Amino acid sequence: MCWTHGFSAGLFPLTVLGWPDNTADLSTFYPTSVLETGLDILFFWVARMVMMGMLLHGDVPFRKIYLHPIIRDAHGRKMSKSLGNVIDPIDVINGITLEGLQKKLEQGNLDQGELEKAKEGQKKDFPDGIPECGTDALRFALISYTSQSDKINLDIKRVHGYRQWCNKLWNAIRFAMIKLGDQYTPPATLAVHTMPPICKWILSVLSKAVGKTVSSLEAYKFSDATSSIYFWWQYQLCDVFIEAIKPYFNGSEEFESARGASRDTLWACLDTGLRLLHPFMPYITEELWQRLPQPKEACRKDSIMISEYPSAVQEWANDKVENEMEIVLDAVSKLRSLRPPTDIQLRSPSFVLCRNLEIAATVWCYQAQIATLASVSSLKILTEDDPTPPDCATNIVNKDLAVYLQLRGALDTEAEHEKLRKKREEVQKQYDTLSQKMSASGYREKAPQSKQDDDMKKLATLLEELEIISEAESKLDAKN
């Protein structure tokens, strides 16, 4: 950087606000709050701005500096024309063929040896060119990468993955518009206490995601913010809630109340979720938000960008329902894992063995959701007094809960034994690690009593799970 350029850059925070004249902008906005820049120009630019600001206006030009990572290629190499690994953001946004990439190289000033080397690098990294990813996907990917210290190893496949995720957002809105209907008007407030548990759950985890996102933004932990938003949209709203409420819209009168609550909840989730996502994906969120109906009582904003950013809603928080859904989703996951790959589309009868009344009450409350999410034909709740169903694969959820899936044809006892063996190894490893920790020198003297009590409960729980696995193995042997 030449000295004159460095000098003019050093004046940038002052001159953009009208300095040397004492303008209204200068008195209002100087000093600014945050400068975003790269680590590599701390001295060449940032230090000079600080020195110039202090010398010419008596104060530093900004209070904080956010250092963003430097973008490298997927292999961690610095982008270089001679390597042919320079990625033009426009090519990621619009997409480009391999032929197009190589034509750009030919238009440069590389000598023949460097040109051939660069072309080979492009062929290796982009054999099919760069797929169209769009602005929002690129923006979201770059923000999600910010946890990678001072470097971003940019993988186009990850960016394209977010492009495909945008389709998921479109599908969620499309589903909502069909289920809400043309005459739907959102309520001014939600009567959460009268809603089905699945609605209470999604609102509770949404409030938690909002709180996590806001606190991450305030702490400049942008990657944590994107992770929180992505997890809620993908794994909680789309994969669980939308799938779980589909049976409510089959036209049955028994679901009329749940159907109305689901509509209101779905609208609230999409409205809040789009506003939460907007700074990270401004274009798609604007387009989708404009399609949502608005409450009559609300003064609709012309754009999502000037709408209020979400804040956590304490009235939505429900730890009890979240804990119940954690058990439910674990049971669903275990049931899904029992389905053979050859029968992936087949819906089979399933059973849930509950070893106490509390867990039985939870399963009974969410019986329909478990059946829907696990894609089973039926779900029957068993107690310890009930006989084990025949021809069933089994899986242990926890010490109080086991799931069974009835299979077509003969049960593969060898495969079932292998599943139980792996589960035993997993639980035994946890038991041995915790037992070793509790037996270590100084544990009883240093660990708080509450911690010792928790560890003792965990140890007892693991021991009970080992006993349940042994019981399942014995039942499996008895069938042979």
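Tutor: Let us start with D91, which, leaving aside its neighbours within four places in sequence, is in contact (heavy atoms within 4.5 Å) with I96, L101, K104 and I130. This is a predicted model, in which local features need pLDDT of at least 70 and side-chain atom pairs count only at pLDDT 80 or more, while totals for chains, interfaces and linings use all residues. Residues are numbered from 1 along each chain as its sequence is written, and side-chain values use heavy atoms, with hydrogens and water left out.

Student: Where does D91 lie, and is D91 buried or exposed?

Tutor: D91 belongs to helix α5, residues 89–94, where a helix is a DSSP run of H or I with at least four residues, a strand is a run of E with at least two, and both are numbered from the N terminus. Buried means under 20% relative accessible area, exposed means over 50%, and partly exposed is in between, using a 1.4 Å probe and protein chains only. The relative accessible area of D91 is 7%, and therefore D91 is called buried.

Student: What makes Y220 and S375 partly exposed?

Tutor: Y220 has 29% relative accessibility, a value between the two cut-offs, so Y220 counts as partly exposed. S375, with a relative accessible area of 27%, is partly exposed because that value also lies between them. Y220 sits in the loop between α10 and α11 (222–245) and has a positive phi of about 60 degrees although it is not a glycine. S375 sits in the loop between α16 (367–374) and β6 (378–382), and S375, which is not a glycine either, has a positive phi of about 55 degrees.

Student: Why is α10 called roughly perpendicular to α14?

Tutor: Helix α10 (residues 197–218) and helix α14 (residues 319–338) pack at an angle of about 105 degrees, with their axes 9 Å apart; the axes are lines fitted to C-alpha atoms, for helices over the stretch in contact, and angles run from 0 to 180 degrees between N-to-C directions. Angles under 35 degrees count as roughly parallel, over 145 as roughly antiparallel, 65 to 115 as roughly perpendicular and the rest as oblique, so the value for α10 and α14 falls in the roughly perpendicular range. The residues that meet include W201 in α10 and M325 in α14.

Student: How do you know that β7 and β8 pair?

Tutor: Two strands pair if DSSP finds at least two bridges between them. β7 and strand β8 (residues 401–406) have six bridges in the antiparallel sense, so they meet that condition. I396 stands opposite A402 in β8, and β7 and β8 form a hairpin with two residues between them.

Student: Why is β7 described as largely enclosed?

Tutor: Seven of the seven residues of strand β7 (residues 392–398) are buried, so β7 is largely enclosed by the rest of the structure.

Student: What makes β6 and β7 edge strands of their sheet?

Tutor: The open sheet has four strands in the order β6-β5-β8-β7, with mixed pairing. β6 and β7 stand at the edges because each has a single partner strand, and one side of each is left without a neighbour in the sheet. Further in, five bridges join strand β5 (residues 349–354) to β8, which run antiparallel, and the bridge partner of F351 in β8 is Y404. Helix α14 packs on this sheet, touching β5, β6, β7 and β8.
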